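The exercises below are meant to be worked through with the sequence and the 3D view side by side. Try each task before reading its solution.

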Amino acid sequence: LSAAAVALDAHLDEGQRALLERTAALATTTLAPLAAAGEEGRVDRSLLRALAENGLLERLFTTAGDGRQPEVSALELCLIREGLARGCTAAETAFALQGLGTFPLLQAGQPQLVDEWLPRVAAGEAVAAFALTEPDAGSDVAALSLRAERDGEGYRLSGEKIWISNAPEADFYSVFARTTDGAGARGLTAFFVPGDSEGLSGEPLRLLAPHPIGRLSFDRVYVRPEQLLGEVDGGFRVAMGTLDMFRPSVGAFAIGMARAALDSAVAHARTRQAFGRPLKDLQAIAHRLADIAARVHAARLAVHQAAAAYDSGVRPVTQTAAIAKLLATEIAQEAVDAAIQVHGAQALEQGHPLEHLYREVRAPRIYEGASEVQREIIARGLFPRDREQRS
Ligand SMILES: Cc1cc2nc3c(=O)[nH]c(=O)nc-3n(C[C@H](O)[C@H](O)[C@H](O)COP(=O)(O)OP(=O)(O)OC[C@H]3O[C@@H](n4cnc5c(N)ncnc54)[C@H](O)[C@@H]3O)c2cc1C
């Protein structure tokens, strides 16, 4: 590593730096070739097994202390996601979705259910998904309407979920459903629903995001009382507990993509000749890349700070996580766009790594809280009293 690279990582300790570099190398050398052999838009089970064999999923699911918290810290989660994204976005997404889909189970599932499923998820054998969004409820989670009606000791779920990553192929879903009408976010409950449950069906959707994603239909799907995740009407807490842990790491995913784009632009600017000299000698290009490098670094520090705040027990981390996710996902879009501009036409050819990144980098500005929602959270922090007085 160059002295400049070491200085950019000076806030990390040796173990953290090694984790990041090891993960990035694994993504480039082992996982990217595997992912290239997979089918876009389908769950790649061999990639998941490779993530497991290399100990990454295990890190996510080895629990510490009370057994409800993964041993991996939020900062380590960010470093793994950044490292994977630098070399293989498909592996990154597969890794993150295992975490997102399983975290509600880990946090709030009954011990027997956790014991039954966790080893399978950690081994890359069971595919997880997090099913919150509905056709009429995206950012506004309080508007969820998928119904959970009592049936004896259990419940029956009826309704639809949409844009659920890993659907309809996942082996289980953490599903958020309405148990109390008119109670907004306080009337939601989380359920564990195996993918082969009777009455559950789905279809894949083709989105400008290369990972698998789909729609789910619930036709009176029966869930046993043991499949409840947490308390009745306590589902919002389970969802937010999961998103609190994962939100800074969405920023880390974006930073990984931004760094991959920047590295590729720098390499290209060094070698591509125009008007008798390399592109890097054109100040317009060098300064554009310098500007991107500075802003990527600032956003990366914000991501690491938000994760460190979470790890040190600060709650809520909503404000700092919102700042981190907003800055990182917005600059990543610009970084990929600038890298494409520096490359010219060749970056737009189907199959070029930047063409792939261009499709991949868009969605994180929408999911797990769109940029506008993050700004709304940040604004609430700026004007707390004004809002209290109005309400
Ligand atoms: C690739 C991808 C993967 C996804 N994976 C999952 C998944 O695994 N599980 C899951 O449950 N969901 C998933 N989603 C869905 C995602 O969570 C929603 O798209 C997101 O919550 C936004 O909801 P919406 O698309 O319905 O947009 P809407 O909520 O309808 O928002 C539309 C626009 O209005 C803006 N807006 C909304 N509210 C406000 C406000 N208060 N102030 C200012 N502006 C506002 C939004 O920012 C946005 O620009 C995924 C989405 C994508 C694109």
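**Exercise 1: a strand and its neighbours**

Strand β7 (residues 188–194) is mostly covered, with 7 of its 7 residues buried, where buried means under 20% relative accessible area with a 1.4 Å probe and protein chains only. This is a predicted model, in which local features need pLDDT of at least 70, side-chain atom pairs count only at pLDDT 80 or more, and totals for chains, interfaces and linings use all residues. Residues are numbered from 1 along each chain as its sequence is written, and side-chain values use heavy atoms, leaving out hydrogens and water.

Task: Find which residues of β7 are buried on each side, and which residue stands opposite Pro194.

Solution: Begin with the general rule that side chains in a regular strand alternate between the two faces of the sheet. On one side of β7, Leu188, Ala190, Phe192 and Pro194 are buried, and on the other Thr189, Phe191 and Val193 are buried. Next, turn to strand β6 (residues 172–178), which runs antiparallel to β7 and is joined to it by 7 bridges; here Phe172 stands opposite Pro194. Finally, Ala190 has Leu229 in β10 as its bridge partner.

**Exercise 2: a residue in a loop**

Task: Locate Ser145, and decide whether Ser145 is buried or partly exposed.

Solution: First, Ser145 is found in the loop between β3 (128–131) and β4 (147–151). Then, because its relative accessibility is 46%, Ser145 counts as partly exposed. Lastly, the C-alpha atoms of Ser145 and Ala3 are separated by 54 Å, the two residues being 142 residues apart along the chain.

Note on methods:
Buried means under 20% relative accessible area, exposed over 50%, partly exposed in between (1.4 Å probe, protein chains only). Helices (H or I, at least four residues) and strands (E, at least two) are DSSP runs, numbered from the N terminus. Two strands pair if DSSP finds at least two bridges between them.
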